[in-house]
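Here is a short tour of one chain, from its overall layout down to a few single residues. Have the structure open and follow along.

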Amino acid sequence: MAFILRNAPLWTIATAGSRIALRQQTPVAVSSWRSFTSKPDSTNPPSGRVLDHDDARDMDPDGFQTPYTNLPPLPRDPNESLQTIRARLTYQSRKRGILETDLILSTFAKEFLNKLSLEECRRLDKFMDEPDWDIYYWVTGKKEVPEKWKEDPVFDMIVKHAKNEGRVVRSMPAL
């Protein structure tokens, strides 16, 4: 499966001594975001879909439109210890890429991660595989929450933490 980008000229920068030249190349097909990690199934976008380079959107496996490519989850070791999971989640909650989500998840991890059971840590780990902006909008109530997270106790804890009913001044915790 491949996506074809229309109206997207590709340029190469060529240098020769002190001269710089731009050369236009012919467009090439771009591989699907799941082509290297999964077998073809119903979660992949339709194969005949054409994407504009200005408005490239992929359909994530749950059917949400996202303005960015949704990467597949990283493989996890099923025998990972609770201590290792907590250490990894502490780091991942802070180093996500979007400050708003980083602040919510890192302060949540600092306050609650040591109190979560192994199963709750695994649920949090799965939740953190979701795209940053989706997490932010779900937690703040700006976007409809998918069914798989609506009744999840860890998600409910994050939502309550994000509401900050005690008006606590929060800042990014140190690693």
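## The chain as a whole

A residue is called buried when its relative accessible area is under 20%, exposed when over 50%, and partly exposed in between, using a 1.4 Å probe and protein chains only. By that rule, 33% of the 175 residues in the chain are buried. The model is a predicted one, in which local features need pLDDT of at least 70 and side-chain atom pairs count only at pLDDT 80 or more, while totals for chains, interfaces and linings use all residues. Residues are numbered from 1 along each chain as its sequence is written, and side-chain values use heavy atoms, with hydrogens and water left out.

You will find 6 helices and 7 strands in the chain; these are DSSP runs numbered from the N terminus, with at least four residues (H or I) for a helix and at least two (E) for a strand. Starting at the N terminus, their order is β-β-β-β-β-β-β-α-α-α-α-α-α. Of the contacts (heavy atoms within 4.5 Å) between residues at least 6 apart in sequence, 58% link residues at least 24 apart.

## The nonpolar core

A nonpolar core is a set of buried Ala, Val, Leu, Ile, Met, Phe, Trp, Tyr and Cys residues joined through side-chain atoms within 4.5 Å. The largest one here has 22 residues, and those touching the most other members are Leu89, Leu113, Leu124, Phe127, Val139, Phe155 and Ile158. At least two residues of this core come from each of H1, H2 (99–112), H3, H4 (132–140) and H6 (153–163), with H2 giving the largest share, 5 residues.

Take a look at Phe127: leaving aside residues up to four places away in sequence, its contacts are Ile135, Trp138, Val139, Trp149, Phe155 and Ile158.

## H1 against H3

Helices H1 (residues 82–94) and H3 (residues 118–127) pack at about 35°, with axes 10 Å apart. The axes are lines fitted to C-alpha atoms over the stretch in contact, and angles run from 0 to 180 degrees between N-to-C directions. On the H1 side the contact involves Leu82, Ile85, Arg86, Arg88, Leu89 and Gln92, and on the H3 side Leu118, Cys121, Arg122, Leu124 and Asp125.

## Two positive phi values

After H6, two residues deserve a glance. Asn164 lies in the segment after H6 and has a positive phi near 50° without being glycine. Arg167 is also in the segment after H6, and its phi is about 55°, again positive in a non-glycine residue. Asn164 counts as buried because its relative accessibility is 16%, whereas Arg167, at 70%, counts as exposed.
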